[in-house]
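Here are a few friendly notes to read with the structure open beside you. Take the points one by one and find each residue as you go.

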Amino acid sequence: MVKPNNEGPSYLIDDALVKIERENGMNRRTFVKGGVALAAMLAMGGAMGTYAWFTGREVKENKTSIAENLEIEVVEPNFPESGIVENVVPGAVIPKDPAVVNKSDVLNGYLFTEIRVPIAEVLVEGKETAERLPLFSFEVNEGWKLLQ
């Protein structure tokens, strides 16, 4: 039987072990073996979790189908062919009318296009701080639907 040691800071642990031994019939050796087994299981579980974290993979696929003979073209009949507009001043309205033409005779379907409006920090005359403003705006023509 283990007797408590009242010298130094370890006497609290010794008292706890003596109490466990009296109540449960466990001796110090059995208690230490259980602690070592618990520590080994925790280490093994941590290693397995780390391995799973680094080797696990998540695969996402976008399944789209594009016809082999699909041919489209983006055209702007009322815009300069060079794509350059000269002598632009602030507030000027520059008409653009992009269109997507399906050049395939055999394929019909729906078309989705994405228009991104760039936003920049602009210092407006008469204001002290810059504002985040869109660099251009657009209107959706009849027959088209704006998606958010």
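1. A quick definition to begin with: strands are DSSP runs of E with at least two residues, and they are numbered from the N terminus. Please also keep in mind that this is a predicted model.

2. With that numbering, strand S4 covers 131–134, and Val 140 belongs to the segment after strand S4. Is Val 140 buried or exposed, or something in between? Its relative accessible area is 39%, so Val 140 counts as partly exposed.

3. Now for the charged side chains. How many salt bridges does a search of the whole structure find? The search gives 2.

4. One of them joins the side chains of Glu 73 and Lys 103, at 2.9 Å from N to O. This pair links distant parts of the chain, 30 residues apart: Glu 73 sits in strand S1 (residues 72–75), while Lys 103 is in the loop between strand S2 (99–102) and strand S3 (119–122). Glu 73 is partly exposed because its relative accessibility is 35%, and Lys 103 is partly exposed at 43%.

5. Glu 131 and Lys 127 also meet through their side chains in a salt bridge, with 2.5 Å from N to O. Glu 131 has 24% relative accessibility, so it counts as partly exposed. For Lys 127 the value is 47%, which again means partly exposed.

Terms used: Residues numbered from 1 in each chain as written. Predicted model: local features only at pLDDT ≥ 70, side-chain atom pairs only at ≥ 80, totals over all residues. Heavy atoms only, no water. Salt bridge = Lys/Arg side-chain N within 4 Å of Asp/Glu carboxyl O. Helix = DSSP H or I, 4+ residues; strand = E, 2+ residues; numbered from the N terminus. Buried < 20%, exposed > 50% of the residue type's maximum accessible area, 1.4 Å probe, protein only.
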